[in-house]
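Trainee: Please show me the sequence and the structure. I will then ask about single residues and about the contacts between chains.

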Amino acid sequence: MDAKSLWNDLQKLRATAPLVHNITNFVVMNNTANALLAIGASPVMAHAPEEVEEMVGIAAALVINIGTLNRDWIAAMALAMAAAKAKGIPIVFDPVGAGATNYRTQTCRELLQRTAPTVIRGNASEIMALIDASIQTRGVDSSATGSAAEAAATSLAREYRCVVVVSGATDLITDGTRKNYVRNGHALMTKVTGLGCTATALVGAFAAINPKALSAASHAMATMGICGELAAAQAAGPASLQMHLIDHLYSLDQEAISRLLR
Amino acid sequence: MDAKSLWNDLQKLRATAPLVHNITNFVVMNNTANALLAIGASPVMAHAPEEVEEMVGIAAALVINIGTLNRDWIAAMALAMAAAKAKGIPIVFDPVGAGATNYRTQTCRELLQRTAPTVIRGNASEIMALIDASIQTRGVDSSATGSAAEAAATSLAREYRCVVVVSGATDLITDGTRKNYVRNGHALMTKVTGLGCTATALVGAFAAINPKALSAASHAMATMGICGELAAAQAAGPASLQMHLIDHLYSLDQEAISRLLR
Amino acid sequence: MDAKSLWNDLQKLRATAPLVHNITNFVVMNNTANALLAIGASPVMAHAPEEVEEMVGIAAALVINIGTLNRDWIAAMALAMAAAKAKGIPIVFDPVGAGATNYRTQTCRELLQRTAPTVIRGNASEIMALIDASIQTRGVDSSATGSAAEAAATSLAREYRCVVVVSGATDLITDGTRKNYVRNGHALMTKVTGLGCTATALVGAFAAINPKALSAASHAMATMGICGELAAAQAAGPASLQMHLIDHLYSLDQEAISRLLR
């Protein structure tokens with residue numbers, strides 16, 4: 001990954017404003033929509049079984065996030081994922097809280113086995129739980145380190161022939177063979193709810209305009225990390241970080257990317 | 001519309017704090033409630049079929065927004081709209097994403113035909129889709145211009161004998177005969193999710209204290225536009241614009257209205 | 001209550017990061033999660049009947065908030081409360097809008113009678129409505145004063161053998177015998193949606209690490225009030241107050257507690 005290719009993707013994203021269809025959790029819907037608008041995409045949230053397939057039909061990417069799942073929402077997710085696969089648009093999957101309850105772990109596995117996504121993004125223990133059901137996640141926060149999850153990420157990427165992102169102090173992005181690392185970001189970001197979900201949504205936005213999923217996911221994670229650093233430098237705490245982060249997604253330019261990308 | 005009548009309405013709103021009952025979408029609930037509190041109203045969100053009629057019974061206005069609709073919520077909306085009609089309080093309707101899926105377009109038509117609202121507020125393509133099912137909305141963002149929607153707005157206002165608001169760079173407010181235009185606002189507002197929904201909720205607040213719907217809706221749109229301009233002048237991006245906008249709804253005074261109203 | 005014991009609790013909270021399981025309303029989920037993260041807890045939102053008992057199994061406290069209740073959510077709340085009781089972790093209950101509709105009032109009573117909570121936190125009219133069904137709440141905002149609710153709070157605390165918090169300009173915290181008063185806070189906080197819900201969630205966080213419920217609830221209310229004052233001093237309106245409040249929950253230190261606790 002280099003600064004030039006990230007900047008090219010970002011320019012394309014802003015020029016084309018791809019429609020990103022999200023079936024996501026109640027906690028982050030507002031921030032997710034705002035992050036997608038700020039980066040240049042056009043977000044839509046829709047979960048009714050009567051409309052998800054039609055909405056996928058006009059979308060350029062589908063983002064699935066199980067953060068506040070229940071039976072009805074899972075059914076809608078399955079419908080939407082199948083429609084996205086049939087249409088050939090990228091599917092990004094966020095297994096929020098996999099490993100915290102069997103319900104979450106099993107739901108993820110069933111959805112993934114039914115329709116393999118283009119990218120899976122989670123924290124270390126979520127990714128590990130998708131490979132090994134004995135892994136315990138502490139709520140929605142990771143209880144494992146990124147390096148411990150590296151083997152799980154590789155296995156998962158190979159199992160579903162997809163790209164896997166393990167976010168953490170250093171983000172790992174792998175297709176099961178190649179590995180990218182993003183070292184951008186700031187510790188205060190872990191004190192803002194749903195920034196992992198925002199990263200997932202941004203992967204959807206980049207994947208909508210870049211068919212190379214490893215590259216798209218890496219660009220999205222670097223964008224999050226760089227804007228997080230810029231935001232943290234101005235923030236007095238997690239709430240002001242959240243605000244500055246969205247503002248920086250909107251104003252991010254080539255100079256900042258070149259200067260900060262690690 | 002003149003600055004004096006807007007200021008009078010705003011003072012009345014702050015003095016009486018009307019209860020505004022919202023059945024709205026998950027993305028904007030928090031911002032909608034905060035905007036209503038900031039402008040001086042008292043918001044309540046309730047969607048259980050067991051309570052919506054009773055909640056309407058203590059409310060001064062009802063706001064219906066289909067942004068994240070499903071079957072259960074639609075049933076609650078129909079119940080609440082009928083109760084509001086029977087009680088004689090204003091009903092404000094926001095057809096979020098009409099034209100994006102048949103489900104949204106048909107749901108809007110069924111709800112409107114069952115109970116005509118006092119005001120319908122949407123962007124250009126949403127308003128056009130309610131008249132002509134062949135109009136395609138791109139997700140929840142308008143794909144048509146305000147001027148192109150003017151004929152549709154007039155037809156829609158006549159069909160339901162209501163006021164129709166088409167928001168855009170210039171807002172049109174019409175009862176099918178008279179037309180008001182509001183030229184306030186700022187382009188950055190389109191990068192904040194749900195500001196259209198906020199406008200709809202403010203229409204509910206003004207309609208709660210002003211029985212002349214054309215005037216109430218015009219005052220609400222002007223309030224949004226003026227506060228949006230004030231906020232944009234301070235904002236570094238869409239998230240800080242959102243924050244400043246709510247703050248300005250709270251502190252808006254006669255001087256700013258007189259100076260900025262266009 | 002003294003500054004030293006509050007500071008000790010806060011240090012313990014930050015050191016242990018207890019998992020707080022929330023079944024709460026759509027309006028406040030994001031702010032609740034952010035407030036819990038900022039104060040040092042680890043929040044999780046989960047409402048599916050298939051997983052709430054398992055999630056309680058890994059949680060240190062359960063927070064129940066009926067703000068946007070419906071039948072399915074009530075069933076999940078009942079399951080989770082029973083599981084929390086069986087496990088012996090604190091249950092904090094927020095009767096949002098009790099007294100506004102019979103549905104809310106009755107739902108609260110049924111849930112409370114089935115499983116007595118550790119703490120109930122509401123505004124004056126909500127607390128009064130739980131004792132006397134003839135009390136009318138105006139939406140979700142209190143229509144009674146704190147002092148008028150003092151007798152109701154005592155009765156309620158004795159009925160369920162729990163701690164009751166009546167928030168207002170002065171907060172009352174009682175176990176039916178002892179009474180604490182917190183005089184911190186700022187009037188502008190009433191213009192921010194869901195700060196009562198945030199207070200309830202903070203009670204959950206403090207109760208997770210302090211088994212003395214009267215003390216834990218008092219510490220939580222004082223923390224809200226102090227951070228609200230610090231935030232109001234910097235705020236231009238309700239939205240900036242919300243942001244600064246979360247930032248201050250994150251950075252609150254012993255000096256500010258000692259200086260401001262009333």
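Trainee: Is A17(B) buried, partly exposed or exposed?

Mentor: First, the ground rules. This is a predicted model, where local features need pLDDT of at least 70, side-chain atom pairs count only at pLDDT 80 or more, and totals for chains, interfaces and linings use all residues. Residues are numbered from 1 along each chain as its sequence is written, chains are lettered from A and ligands numbered from 1 in the order in which they are written, and side-chain values use heavy atoms, with hydrogens and water left out. Buried means under 20% relative accessible area, exposed over 50%, and partly exposed in between (1.4 Å probe, protein chains only); with 23% relative accessibility, A17(B) is partly exposed.

Trainee: Where is A17(B) found?

Mentor: Helices (H or I, at least four residues) and strands (E, at least two) are DSSP runs, numbered from the N terminus. On that numbering, A17(B) sits in chain B, in the loop between α1 (3-16) and β1 (19-23).

Trainee: What is the phi of A17(C) near?

Mentor: A17(C) lies in the loop between α1 (3-16) and β1 (19-23) of chain C. Its relative accessibility is 23%, so A17(C) is partly exposed. The residue is not glycine, yet its phi is positive, near 45°.

Trainee: Which residues is T154(B) in contact with, leaving aside its neighbours within four places in sequence?

Mentor: T154(B) belongs to helix α7 (residues 150-160) of chain B. The residue is buried, at a relative accessible area of 13%. Contact means heavy atoms within 4.5 Å. With those neighbours left aside, the partners of T154(B) are T174(B), G176(B) and K179(B).

Trainee: How many disulfides are there over all chains?

Mentor: A disulfide is a covalent bond between the sulfur atoms of two cysteines. The rule here asks for a pair of cysteine sulfur atoms within 2.5 Å. Over all chains, the count is 0.

Trainee: Which cysteine sulfur is nearest to that of C108(C)?

Mentor: C108(C) is buried, with a relative accessible area of 0%. It is in no disulfide. The nearest cysteine sulfur is 12 Å away, in C197(C).

Trainee: What area is buried between chain A and chain C?

Mentor: The size of an interface is often given as the accessible area lost when the parts come together. Here, buried area is the accessible area (1.4 Å probe) that two parts lose on being put together, summed over both. Chain A brings 31 residues to the contact and chain C brings 28 residues. Carbon and sulfur atoms give 59% of the buried area, which is about 2,400 Å².

Trainee: Which residue forms a salt bridge with R71(A)?

Mentor: A salt bridge is a side-chain nitrogen of Lys or Arg within 4 Å of a carboxyl oxygen of Asp or Glu. The rule finds 2 salt bridges across the interface of chain A and chain C. In the one with R71(A), the closest N and O atoms are 3.3 Å apart, and the partner is E50(C).

Trainee: Which element gives the most to the side of chain A that touches chain C?

Mentor: The elements that give two or more residues to that side are α5 (102-114) and α10 (238-251) of chain A. The most comes from one that gives 4 residues, α10(A).

Trainee: How many residues of chain B are in contact with chain C?

Mentor: Chain C and chain B bury about 2,400 Å² between them, with 59% of it on carbon and sulfur atoms. Chain C puts 31 residues into the contact, and the number from chain B is 28.

Trainee: Which residue forms a salt bridge with R71(C)?

Mentor: Between chain C and chain B the count is 2 salt bridges. For R71(C), the closest N and O atoms are 3.3 Å apart, and the partner is E50(B).
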